[in-house]
Amino acid sequence: MVTEASTWIALAPAVVLAVLSMVLFLVDSIDPDSDDSTVLAGLSLVGVLVSLTVAGWFLLAGVGQPDGLALLGDQLVVDGTSLFFTLIVTSVTAMVIVSSYDYLIGQPHQGEFYSLVVLAATGMVLMAHANSLITVFISLELSSLSSFALVAFLKRNRGSVEAGLKYFLIGALSSAIFVYGISLVYATTGSMQLDAVAAGVSETENVGVLGFGVLMLVGGFAYKTASVPFHFWAPEAYEGAPTPVSAFISSASKAAGFVVAFRVFIEAFPLDAMAALGIDWVLIFQVLAVLTMILGNFAAAMQENVKRMLAYSSVGHAGYVLIGLAALGGGQDSLVLGAAMMHLFVYGFMNTGAFLFIALAEHWGVGRTFEDYNGLWRRAPVACVAVTVFMFSLAGLPIGGGFLTKYVLFSAAVGAGFWWLAAVGALTSALSLFYYSRLVRAIWIEDPVTEFEMADQPLGLYVGILTAAIVTVALLPGFFPVVDAAQTAAASLLA
Amino acid sequence: MLIETLMAVTLVAALVVFITPEAYAPQVAFVLSLLPLAGGLWLWSGFDGSGNALLGGNVAFESQFQWIALEPYAINWHVGLDGVSLPLLLLTTVLVPLAILSAWTPIEERVSQFYGLILFLETGLLGVFTALDFFVWFVFWEAVLIPMYLLIGVWGGPRRKYAAIKFFVYSQVGSLVMFIGFVALLFGLGDSVSSFGMAEITQALHAGELSGLGAVGAETLALFSFIAIFFGFAVKVPIFPVHTWLPDAHVEAPTPVSVLLAGVLLKMGTYALLRFNFTMLYDVAITLAVPIAAFGVVSVIYGALLALAQQDLKRIVAYSSISSMGYVILGLVAFTVYGIGGATFQMVAHGLISGLMFMAVGVIYNATHTRMVGDISGIADRMPITVGILVAAAFGYMGLPLMAGFAGEFLIFLGAFQSTVLPGAPVFTAIAMFGIVIVAGYLLFAMQRTLFGPYRLDTDYDVGRAPLHDVAPLFVLIGLIIVLGVDPDVFFTMIQDAVDPVVELGGGA
């Protein structure tokens, strides 16, 4: 038995990020008015990569597997799931930081920007580690508050400020709902610890109150993962936010929201015990999954604005991942849950890449509609190849890992007996091909209508986009490690 | 690892061409496309396959290793060649360099991208014809769509966007339905298979391991899966009534893309029909023999009649493809050695002949800038070589002996006539044979009006002999067509060896 003190080292990925955010503030205070962020961006990138490497190393070394290391009086846990999601969050953060360097040229307050990104990432990583409702809430608020500020970062831009305000108001409302849900769960089970809640569930007499609490928690998660019915902030916030931030919150923050949902519902509200009480939370997620897939994809198909199309498609993808919770109880739990985790992993790269491409286009002053992207290949063939990869992979064509994860997800749902979930998924995926290929068509096939000045080829954005593209493609032949890690993680969560 | 090397070389060639400066791209692409051709010939020279790859035959250059160890169905990388896949692989590697040569004149913009996509397309096609794991096969099957979509959409004619999207949507819907049908079949097999290996699934199906899925019984499941899979491939072939994307795609596509579309892409459909519908689910195929044969025969006659009504040379050739692929369907459903073997042979033969026809029409278009039968007249004097080859190709299409088309069609008719599993086989065959008359009719009619007679083309272009790089591929193809026609055994012994086990499934010999 290792002592508590030495097991703290297992939290290294989170600790590195937390320290990094403080160091960034410190470094920025040396010359706060500087708008040259080379040092800040470099330092953030190195720190995030250290965190990423350590998390990857821990995952390979099997830290906390299979039972999980409980730390700080069971408030935090380190296991396969938490490390897997730490990998997703830090990968996305690294790409976002690299790309932000060019995007933010000439903007004031860059020190704050990088600190907030790293602080939000810290919150997301902690969400993956959280083992009690109170740490869930605190880490969720840490990431949310940082994200609100990031969305409104361009404070002279009306869109950005408006987006930040909407995001904040809805965020505050859902936080209130969420914390109220926690209090109801606490009132009925007498505990905050996930395993203790699970133990208390079967002894409670106030089933109605508990059920209400669970419903409120679902609402909180739906907000964080941009699922229906709490999705409507997402298109506004993604559109108004600085685009690297849109990439960040639509990929990393969504993954963090899902890991909490996975852990809380599976560990604190065991299916059998809850079903015995008549609280069928799987049913709620089934309804949410179907609505989210349909609404997200149909809304995306109707957009004229590329960034909004991506935002709604991101809602659609949340629907696919929800299948991970909606198809539980069919005898294929670890496969279904693992498939949802895999999808979040691949999604982390392809969706971030897609948003970063939009950031690149914005950097050049390309407009917002599909027509504005017409003939863009002439200016940036390499980035256009990359975005073609993202679009087809998001749609589920076998050009990247997105195809495999969708296949595993849908077939796992069929295997679990929820063929109708898979059918909705497959149909909405087919629909998604329409709007994803629309961008491809604009870029490669249509002739340009507007001319614009292309000032430069921003290196950082290119690095971010190409990294995402290469990983997306490489995840097709090299998919097995992801499957392996996700399956182990899912199995340990369900054990 | 030879097959993997072949694919890797082609893919790298595609990337190299993509970043080659426009000025050198045509030459570089041509030279690099000779590498897969050399690789294909190398595979042929060392080919030691026997029997059918799905039915326990000896698979040449087989390589298999674990890719994704997923419960309950592992996905393995598995490729190899048998007597059915090798001829199609060779067809692909031969047609691509020729298509690239035929693109030198008409393709003037975004040259590097064009040739890069052609080679990317070739990589996908090589994968389709060599993959022996359903999942790997499906990845390549879908990967073919993306370059084709762009090739038609960017370099096509005036209605290219419409044609490209129609092609994409039709193909994608077909693929989705097929995929769902196949996966349903796999779920129905339950624990008796542990991977997507096509041979493993075939054997489990033949062993009667298929159980129902949910409330659906085994027989119904097999039937519905068969129909879903058949539909998916019927779109690709294409069979009436899901053929409507083809004329649009062909008319809008530039010559080299039409060559590959008719020459190889349509064969993906018939190849997959042979592998999946007629090998894996042969019993359902026999049950449905009459409707399948009916679809085939209707495609033959309807395609030919449509071709008769066209004014555009390219459209004539495009519709005649529907007709020719109908013969292939008839041959497959006959379940005789000559039927299935002839159908496979016809895939190669039609690939070469239709490729040649499209190229020849392309050369004429390059010179005259019109393809309308009513506009062109008497160009035989101006471009005697091209016209000579086009006439020869037309005779090949009509099934003149000593040309590849004759061997294919003759074998199919012979095989279909003898069929024991197809009720009323002689009737179907007789109706289909009538198609030849219509083919001869519209081709001769079109030739007579466009090539011969008085020259009265009203154009500013100087209509004269085509440059060597335009004519050279025509010579190569007509040479191959004659070689295959004179000595069909170059491929037919190999094909027969691989289709015999399939025929035995149908109870034939």
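This is a predicted model: local features need pLDDT of at least 70, side-chain atom pairs count only at pLDDT 80 or more; totals for chains, interfaces and linings use all residues.
Two packed helices are described by the angle between their axes and the distance between the axes. In chain B, helix H15, which covers residues 337-368, and helix H17, which covers residues 404-418, have axes that come within 8 Å and cross at roughly 155 degrees. Because an angle over 145 degrees counts as roughly antiparallel, H15(B) is roughly antiparallel to H17(B). The crossing in which H15(B) passes H17(B) is left-handed. On the side of H15(B), the contact is made by Tyr338(B), Gly339(B), Gly342(B), Ala343(B), Phe345(B), Gln346(B), Ala349(B) and Ile353(B), while the residues contributed by H17(B) include Ala404(B), Gly405(B), Ala407(B), Gly408(B), Glu409(B) and Leu411(B). Sorted by class, this contact of H15(B) with H17(B) has 10 nonpolar residues, 7 polar residues and 1 charged residue.

Attention now turns to the empty space. Rolling a probe the size of a water molecule over the atoms shows where empty space is left. The largest pocket has a volume of about 1,600 Å³. It is lined by 50 residues, and the closest to its centre are Ile399(A), Val473(A), Leu11(B), Leu15(B) and Phe120(B). Helix H16 (381-395) and helix H19 (459-474) of chain A each supply at least two residues of this lining, as do helix H1 (2-19), strand E1 (60-68), helix H4 (111-130), helix H5 (134-143) and helix H6 (145-155) of chain B. H1(B) gives the most to the lining of the largest pocket, with 8 residues. By class, the residues of this lining divide into 38 nonpolar, 8 polar and 4 charged.

The second largest pocket holds about 1,400 Å³ of space. Of the 47 residues that line it, Ala422(A), Ala423(A), Ala426(A), Leu176(B) and Ile180(B) lie nearest its centre. Two or more residues of the lining come from each of helix H17 (401-415) and helix H18 (419-444) of chain A, and likewise from each of H5, helix H7 (160-189) and helix H9 (218-236) of chain B. H7(B) gives the most to the lining of the second largest pocket, with 13 residues. In this lining, 32 residues are nonpolar, 11 are polar and 4 are charged.

The largest cavity has a volume of about 80 Å³. The residues that line this cavity are Gln332(A), Leu335(A), Tyr407(A), Val408(A), Ser411(A), Ala412(A) and Gly415(A) from chain A, and Leu70(B), Glu71(B), Pro72(B), Tyr73(B) and Phe187(B) from chain B. H17(A) provides the largest share of the lining of the largest cavity, 5 residues. By class, this lining has 8 nonpolar residues, 3 polar residues and 1 charged residue.

Particular backbone features were also noted in loops. The peptide bond from Val228(A) to Pro229(A) is cis, with omega near 5 degrees, and Pro229(A) is found in the loop between helix H9 (207-224) and helix H10 (233-240) of chain A. In chain B, the peptide bond from Val237(B) to Pro238(B) is cis, with omega near -5 degrees, and Pro238(B) lies in the loop between H9 and helix H10 (245-252) of that chain. Phe335(B) has a positive phi of about 55 degrees, although this residue is not a glycine. The position of Phe335(B) is in the loop between helix H14 (313-334) and H15 of chain B.

How values were computed
Residues are numbered from 1 along each chain as its sequence is written. Chains are lettered from A and ligands numbered from 1 in the order in which they are written. Side-chain values use heavy atoms; hydrogens and water are left out. Axes are lines fitted to C-alpha atoms, for helices over the stretch in contact, and angles run from 0 to 180 degrees between N-to-C directions. Helices (H or I, at least four residues) and strands (E, at least two) are DSSP runs, numbered from the N terminus. Angles under 35 degrees count as roughly parallel, over 145 as roughly antiparallel, 65 to 115 as roughly perpendicular and the rest as oblique. A crossing is left-handed if the near helix is turned anticlockwise from the far one by less than a right angle, and right-handed if clockwise. Contact means heavy atoms within 4.5 Å. Ala, Val, Leu, Ile, Met, Phe, Trp, Tyr, Cys and Pro count as nonpolar, Asp, Glu, Lys and Arg as charged, and the others, Gly among them, as polar. On a 1 Å grid over the protein atoms alone, a cavity is a set of points where a 1.4 Å probe fits but cannot get out, and a pocket is an open set with protein on both sides within 12 Å along at least five of seven lines; lining residues have an atom within 4 Å of a point. Grid points are joined across faces, edges and corners, and a volume is the space filled by probe spheres set on the points.
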